[in-house]
Amino acid sequence: MIRLTIDGQEIEVREGTMIADAAARLGIDIPVYCYHEALGPLGACRMCLVQVEKMPKLATACTTAVAEGMVVHTTGPQVDKGRKGVLEFLLINHPLDCPVCDKGGECFLQDYTFRYGPPQGRFQEPKIQKVKDGPISDLILIDQERCVLCQRCVRFMDEYVGEPELLLEGRGVETVVTTVEGRPAQSQFAGNVIDLCPVGALLAAPYHHKARPWNIEREESVCTLCPVGCTTLTTGRDGRIVRVEGRPVVDRNWGWLCDRGRFGFDFATHPSRLVNSRLHGREEAAARTTREIGQWLREVVAQEGGEAIAVVMGGLHTTEEAHQVYRFATEVLGTRRLVVSRDVPGYVPRGLNGTFEDLSAADAVILVGTDPYESAPVLHLRLRERLKNRRAPLTLMGVAPRNLSRSTLPVETLVTHVGQEADVLAAALKEAAGDHPAVAALLSQGAGIARGIDPTQVSQLSRVLREAERLVVVWDGVEPDVEHVLAALAQARQGQTTRVLPTFGPSNWRGFERAGFDARFDALTRVLEDARDGKIRMLILWGADLLKDYPDRRLVEQAYERVEWLLAEGVFVPEGAEHFDAVVPGAAPGEVYGTYVNMEARLQIASPSVNPPGQARPTKSYLTAWAHALGKPFVVDEEWDPYDDASGDLLPEEPLPQDIEAIRAPDLPEGGVELLVSAQVWANGIPSQILEARLEAAQIARISPLDADALGIREVGVIRVESAEGVLELPVRVDEHLTPGRLLVPLGVGALPVNRLRPGVVKVQRLEEVQTP
Amino acid sequence: MSQTYYLLRHREVPEIGQIAVYRAHGGYEALRKALSQYQPEELVDLVKRSGLRGRGGAGFPTGVKWGFLPKDGRPRYLVVNSDEAEPGTFKDRELIEHNPHQLIEGMIISSYAIRANEAYIYCRGEFLKGYEELSRAVQEAYQAGFLGENILDSGFSLDIFVYRGAGAYICGEESALLESLEGRRGNPRLKPPFPAVAGLYGMPTIVNNVETIANVPPIVTYGAEWYTSMGTEKSPGLKIMSVSGPVNRPGNYEIPLATPLRQLIEDYAGGLKEGRRLKCIIPGGSSVPLLTPDKLDTPLDYESILQAGSMLGSGGCIVLDESVCIVKASHRLVKFYREESCGKCTPCREGTYWMADVLERLEMGLGTQDDLAILTDVADNINGKCFCPLGDASIGFLVSAINHFRDEFEAHVREGRCPLGAKVYDTANY
């Protein structure tokens, strides 16, 4: 530790700390543009000049490491003049078009000039003219005149993301930030440069000229489009959400977002947003619809009791809303058939659930099935940051039916058959700790064969399972037996840390579980089977869309057809609208206050910045009305608090699962093409007009170059996929990363109803090739 | 003036760039001696004892720099800085265009001394002839067995790569040079770590100027004592000075350090042309403050020049006579730095732009009294606040010009024109 004095205050910091960071710990504000802790020092902007005693010149606080006994002054005539000088320099070629700048009012150039800058400029010469409102992509604009050339954007894309799509061109005062060869920046992380830009140079195209800081509601919120649950600032204006920004949380996250979350906010104002109640397939006045539903509820409860009603929780609801539904269902209706909408069968017990801190501390990470770049993009950034930390090496392996390695994140992948992940993990576990009782129990039915997998790779994996001190498994939940392997793994690794991060949805499934719903896939299946078998008269979907999500579409159709009353609440009309007796419009994220639980089992609060549009109402409005219809008292408990005294903002800890279920070796497919599903944020079925082109491009199945060649498809085509369950026609494109013999279809896309088929071997035929320009 | 040349030896010999001619004049004998009679550490020690200082401008002791290399087994590189772009300096150009083998010989000896098996020459982009000569000479050296595996049966191997820059003054700064050599934008790097610890491709790297390396073979041949017998205790040895301006014999001159400036101008360069009167001298390339005629007797060594108010720098000695407008000269130099600023740090990027514009206005007779104060203050806001030395270099001449020739600046404002009748040429097309 190093002791130094800053502005008369003593502080002790770790060796290698920069003066700027040491000062920040003391609460001393040193202005910076180019420096960002996640990117490391650069020393370009010279804004952070401070005086260090015994140094002949002013020093930059962001590049000068602390030294024992150092005495630093962050104010004083010399420092003040230095800062004034730098700000005057920055302003001489700045257009000073603050009145029409989107950043006006939330700009560091304004703020620092106000605080440290000269009252008047002395520059009388003509300013350099550069490009204004030029494109970085269809979503990001650049005003090169406003740019202070801090390079944060360029370095973020190049060093942090590893997709170097931005660069500096020209030199000296003519230097500009631009894209490589003028090509639009396509990275899904490019939008972060808007937040990183300290001035008004990089702008969100959808927010361009939309609002000023004093006529917006900018609230702390959480992104609900994937289970990462990135912290955001949501800007509402005139009743519409117009902007989402990343929100850094000290010591927890940098505030990165993916562009899906940053620009996909407009689903709430999408033309297909449900804003009117629908009764028997027609739009109907909200009051009438609510009244009708109340009568149905009364009838069912009166005739057969509450257990004839089942509620499926899904969508983007808050934990509080789920709890209101739980209380309504148990106290007013009297049913315990309360389940969560699921699109994959896997489940992670709370006792195994890890956090992002576990990820940062991990010495080994195993990706099972999931490619975080597609399923949880900001997790990909976290893994990349972790991997780049040279002081603490990380072993990164994958077990999946496809190669998970990317140029930005190399992953040593054991490429399995579809449905073989659990068996391959079990084989490695057998080699690592075959004698452990939990492992023996797991393997008692003969699993752990890893047929067709290179034994040296299995040994490599087993070594990781045995030796890693802090292991984190990231899992997509597609292959349900993995849960049992993970439970046995955690048992066998007592003394070492084993934590799991689930990347499956719905994004707040753990919150629904906290509210009282059963999030296990089997519970949902039982409800659907009971519905099919006539044991349930009324099925209520609260945000859920089972035809779109549930893996067995046939079962859902049978259930829908059999139940007497089928109701849905949601932000969109669920698939199979003809089945529904009534659909009522619900509130979307950003329209209600509440908490969301992310893949860490962490509760995060979101405040609304707009009201629900049209007839859309928050959950409690409907529940109160229906309770009234049933003549039962029901007061929404606004005080219910999902937080636990002991566990902070994490859900209460639970012990490791003790009972180990034996798994069987899978029947492996012989030859043919294997159908493989995966959750992808860019193809999750939630619409967006801003992202329309990108979403459309992502809503496509993928095959390997080898298979495409065999089918006679160069880039894009349409194929016919046939299995025992039925036939599908799918648009398909070539994916360089995909292993031959696999057909990858994103989950939850209406146009790609992969739940008509079962994962496994399918027959594939080319229908046509689509010529791409 | 006749003298024995060491660095500029054989400058009268035609075809000295051919390896056969070079060898016929004793070429590669120093290499043979170094490889057969010295251990690498002994050579580092020899260079340390010779007191040789870097000839690129900063004057850092070469042997000491070599000693900074960490002994951790990582590969090491020697990089020769041949990006000579300092206005007024043209010594390296003669060395590489006329006698490339002496540089190659020096590189082999130096690489052996620092235990590098790969060496790079970063050649200024505009030096097409020098680049071609070097490339050819390197091939010749390979064919003669001076490069490649097991040189002269010493067990030492070396590969030399010649790289041509793309035309940026900033790439003469060693860390920007390394960035450019690695294929990136030529912007200076943050120091520490210094190149000796983490240089080319992150490996320990020594970056030396062409002239510095050219000094190594004579030091091996004649010994450290011979070298220290010239110059002063702190500035021993030989230096090539490039003299330009209205003198009778402009050109490169090899002098023992501490030779008086007057002797360089009057004896070596033949004095000013007839009818010209000395106004001032820039002794060390465009980055250093000027010296007025009363400093003509200053000995040309690092310490004396510093004491006189300037720097020896790269040895580019620019003579300005009374016909030169000091404002125009300042404008011309600041404009150079404006064009060559890489744009990385704010004061250099914006400050040079600002100063060049104000100076242009002054020269056109459109300046005000405030402009002088602004110029001085802008220069002060640049001074010591930039990322690399380029920013400070841009104000060296200007600040000294304002100090010594304030009247002339003020006359431009007072008279509303240039009193010397100079014009800002190419203003429409800068």
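Predicted model: local features only at pLDDT ≥ 70, side-chain atom pairs only at ≥ 80, totals over all residues.

## Domains of chain B

Domain 1 and domain 3 of chain B touch through 13 residues of domain 1 and nine residues of domain 3. About 900 Å² is buried between these two domains of chain B, with 71% of that area coming from carbon and sulfur atoms. On the domain 1 side, B:Tyr169, B:Ile170 and B:Pro188 supply 52% of the area buried against domain 3 of chain B, more than any other three residues. The count of salt bridges between domain 1 and domain 3 of chain B is zero.

## Where the two chains meet

The size of an interface is often given as the accessible area lost when the parts come together. For chain A and chain B, the buried area is about 2900 Å², and carbon and sulfur atoms give 55% of it. In this interface, 36 residues of chain A are in contact with 33 residues of chain B.

Which residues of chain A lose the most area to chain B? They are A:Phe89, A:Arg122 and A:Arg171, which together make up 26% of what the chain A side buries. Five salt bridges are found across the interface of chain A and chain B. A:Arg122 also has a salt-bridge partner in chain B: its side chain meets that of B:Asp377, at 2.7 Å from N to O.

## Domains of chain A

The assignment for chain A gives four entries: domain 1 (2–75), domain 2 (277–343 + 508–629), domain 3 (350–502) and domain 4 (673–770).

Take domain 3 and domain 4 of chain A, whose C-alpha centres lie 26 Å apart. Here 13 residues of domain 3 are in contact with 16 residues of domain 4, and the area buried between these domains of chain A is about 1200 Å², 54% of it from carbon and sulfur atoms. Within domain 3 of chain A, the residues losing the most area to domain 4 are A:Glu374, A:Arg402 and A:Val418, together 45% of what that side buries. One salt bridge is found across this interface of domain 3 and domain 4 of chain A. The side chain of A:Glu374 meets that of A:Arg702 in a salt bridge, at 2.5 Å from N to O.

## A pocket between domains

Now for the open spaces. The second largest pocket has a volume of about 910 Å³. Why does this pocket lie between domain 2 and domain 4 of chain A? Both of these domains give residues to its lining, so the pocket lies between them.

Of the 45 lining residues, A:Lys548, A:Asp549, A:Asn684, A:Gly685 and A:Ile686 lie nearest the centre of the second largest pocket. The elements giving two or more residues to this lining are α18 (546–549) and β24 (565–570) of chain A. By class, the lining of the second largest pocket has 20 nonpolar, 18 polar and seven charged residues.

## Enclosed space

The structure also holds 17 cavities of 30 Å³ or more, and the largest cavity has about 180 Å³ of space. Its lining has 16 residues, with A:Val222, A:Val244, A:Phe265, A:Phe267 and A:Pro589 nearest the centre. Strands β11 (217–222), β12 (231–237) and β13 (240–246) of chain A each give two or more residues to the lining of the largest cavity. That lining divides into nine nonpolar, seven polar and no charged residues.

Definitions and conventions. Residues numbered from 1 in each chain as written. Chains lettered and ligands numbered in written order. Heavy atoms only, no water. 1 Å grid on protein atoms, 1.4 Å probe; cavity = no way out; pocket = protein on both sides within 12 Å on 5 of 7 lines; lining within 4 Å. Points joined across faces, edges and corners; volume = space filled by probe spheres on them. Helix = DSSP H or I, 4+ residues; strand = E, 2+ residues; numbered from the N terminus. Nonpolar A, V, L, I, M, F, W, Y, C, P; charged D, E, K, R; others polar. Contact = heavy atoms within 4.5 Å. Buried area = accessible area lost by both parts, 1.4 Å probe. Salt bridge = Lys/Arg side-chain N within 4 Å of Asp/Glu carboxyl O. Domains from an automatic or database assignment.
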